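Thanks for coming. I will go through one model this morning, starting with a sheet and then moving to the chain contact and a few charged pairs.

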Amino acid sequence: MLVLITYDVSTSSKEGRRRLSRVAKTCLNYGQRVQNSVFECIVDATKFRQLKYELEELIDKQTDSLRFYNLGDNHKSKVEHIGAKEAYDMEAPLIL
Amino acid sequence: MKKLLNTLFVTMPDTYLSLDGENIVIKRDDEIAGRYPLHNLEGVCTFGYAGVSPALMGKCAENNIGLTFMTRNGRFLARVVGEDKGNVVLRKEQYRISDDERRSAIFARNMILGKVYNSKWVVERALRDHALRIDTERMKQVSASLSETMKLIRGVEQLDILRGLEGSAAVQYNSVFDQLILQQKEQFFFHGRNKRPPLDNVNALLSFTYSLLAKDVTAALESVGLDAYVGFLHRDRPGRASLALDMMEELRSVYADRMVLYLINKKVVNDSGFVKKENGSVIMDDDTRKAVLKAWHERKQEKIMHPYLNEKIAWGLVPYAQALLLARHIRGDLDEYPPFFWK
């Protein structure tokens, strides 16, 4: 399934900036960065739990927030892209 | 059933593949050309000397991601293998069978039976779909003689006889293969198999798809814990994945040959994409190679009904399903190895 992850991490403190980079890094481990704090991940249910757990451990729930949008298995028709930085399709042939 | 994941093909030269977190990062001239999470991949296949960092090799081995190196023409160079896991008991039984000519023959004959059956159905399909454009008399003859060969194969318990029967079936099948090419006949013809190097367009395509298939089958066998290098029909030779070659026999015609025919008949490839070298060998240019890989990959995603498992699976999982069935038979859970009968 495709999961869209967005986050807001407070960067007013040094701690916050560190959290931000850790959150970004973790998201990157699971999917691709489509915009600055927006990630698209193709994951199964297990991987998704794992990812959610990892992110939850990282953030400070007082100041930061995470949002997960589950777009399911038939996500092709649900995503449209306009403009620069076209994302790649993880399920199409990957030929470089 | 296992989920079919994506395979990453790297065809650009001068690239370097490295590991970053859980991502594979492809660098070219110090620029990042691609970055993909590894958990979406089941194989990475590079064409033409891409360098790979040891960290990535380790990660791939650990996560059962096949990492294969090929030459630009698709000839197999090397594969990264990690720590040997799998099942020793299973592998030892496989070695015992391989040492015993008679038992080997019984294994091999089912695979060859699959091969002949599948070639017959490639011919039969052509008869059904293109009866007006081919020499139907000749095709029917071949189909009938392949059926005859199948009857003979059933009782064989000697490898030499089996090889003989396989050879004669292959000759029959090859004799009409040219007729299955319906388009671009001037540039694409089949007058017999030649390899190392392939000397015409069709042989170049065949060699390339066979090596892709060999790679898939080897990975499938190893993922179920068998030793791809110890075969039944193909005897041991250092560096030769004999069991993979055995198992490939039944898939060659339906998987690779049909792919080649599709590429030509649907004009996915054309003559300008092939370069003839001074020594007579024919190689594909980069765009053609990419087109073949793309078609190959799309075929792998297509769903079929597995005739024995009675389950809908992706074409790309057929080698894995067969490897699983073979392991079950070796282990004694199945009375006989059921070859893949395509219809």
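Predicted model: local features only at pLDDT ≥ 70, side-chain atom pairs only at ≥ 80, totals over all residues.

For the terms: strands are DSSP runs of E with at least two residues, helices are runs of H or I with at least four, and both are numbered from the N terminus. Two strands pair if DSSP finds at least two bridges between them.

Some housekeeping on the model itself. Residues are numbered from 1 along each chain as its sequence is written, while chains are lettered from A and ligands numbered from 1 in the order in which they are written. Local features need pLDDT of at least 70 and side-chain atom pairs count only at pLDDT 80 or more, whereas totals for chains, interfaces and linings use all residues; side-chain values use heavy atoms, with hydrogens and water left out.

Now the place where the sheet crosses from one chain to the other. Strand S5 of chain A, residues 94–95, runs parallel to S1(B), and the two pair over 2 bridges. Leu94(A) has Leu8(B) as its bridge partner, and Ile95(A) stands opposite Phe9(B).

**The contact between the chains**

How many residues does each chain put into the contact? Chain B gives 25 residues and chain A gives 15, where contact means heavy atoms within 4.5 Å. The area buried between them is about 1,700 Å², and carbon and sulfur atoms give 63% of that. Buried area here is the accessible area, with a 1.4 Å probe, that two parts lose on being put together, summed over both. Asn6(B), Tyr36(B) and His39(B) supply 30% of the area that chain B buries against chain A, more than any other three residues.

Strand S1 (6–10), S3, S4 and helix H8 (286–301) of chain B each supply at least two residues of the side that touches chain A. The largest share, 6 residues, comes from H8(B). By type, that side of chain B divides into 10 nonpolar, 9 polar and 6 charged residues. The classes are these: Ala, Val, Leu, Ile, Met, Phe, Trp, Tyr, Cys and Pro are nonpolar, Asp, Glu, Lys and Arg are charged, and the others, Gly among them, are polar.

The count of salt bridges between chain B and chain A is 0. A salt bridge is a side-chain nitrogen of Lys or Arg within 4 Å of a carboxyl oxygen of Asp or Glu. There are 4 residue pairs in polar contact between the two chains, both residues at pLDDT 80 or more. A polar contact is a pair of N or O atoms within 3.5 Å; within protein, one must be able to donate a hydrogen and the other to accept it, and residues adjacent in sequence count only if both atoms are side-chain atoms.

**The hairpin in chain B**

Strands S3 (residues 23–28) and S4 (residues 31–37) of chain B pair in the antiparallel sense over 6 bridges. They form a hairpin with 2 residues between them, and Asp29(B) in the turn has a positive phi of about 50 degrees. Asn23(B) stands opposite Pro37(B).

**Charged pairs**

Side chains of opposite charge can pair when their charged atoms come close. Over all chains, the count is 21 salt bridges. In one of them, Lys59(B) meets Glu22(B) at 3.2 Å, N to O. Lys59(B) lies in helix H1 (residues 54–62) and Glu22(B) in the loop between strand S2 (15–20) and S3, so the pair ties together parts of chain B that are 37 residues apart in sequence. Lys59(B) counts as buried because its relative accessibility is 17%, and buried means under 20% relative accessible area, exposed over 50%, and partly exposed in between, with a 1.4 Å probe and protein chains only. Glu22(B), at 31%, is partly exposed.

Asp216(B) sits in helix H6 (residues 201–223) of chain B and forms a salt bridge with Lys215(B), the closest N and O atoms being 3.2 Å apart. Are these two residues buried or exposed? Asp216(B) is buried at 10%, and Lys215(B) is buried at 11%.
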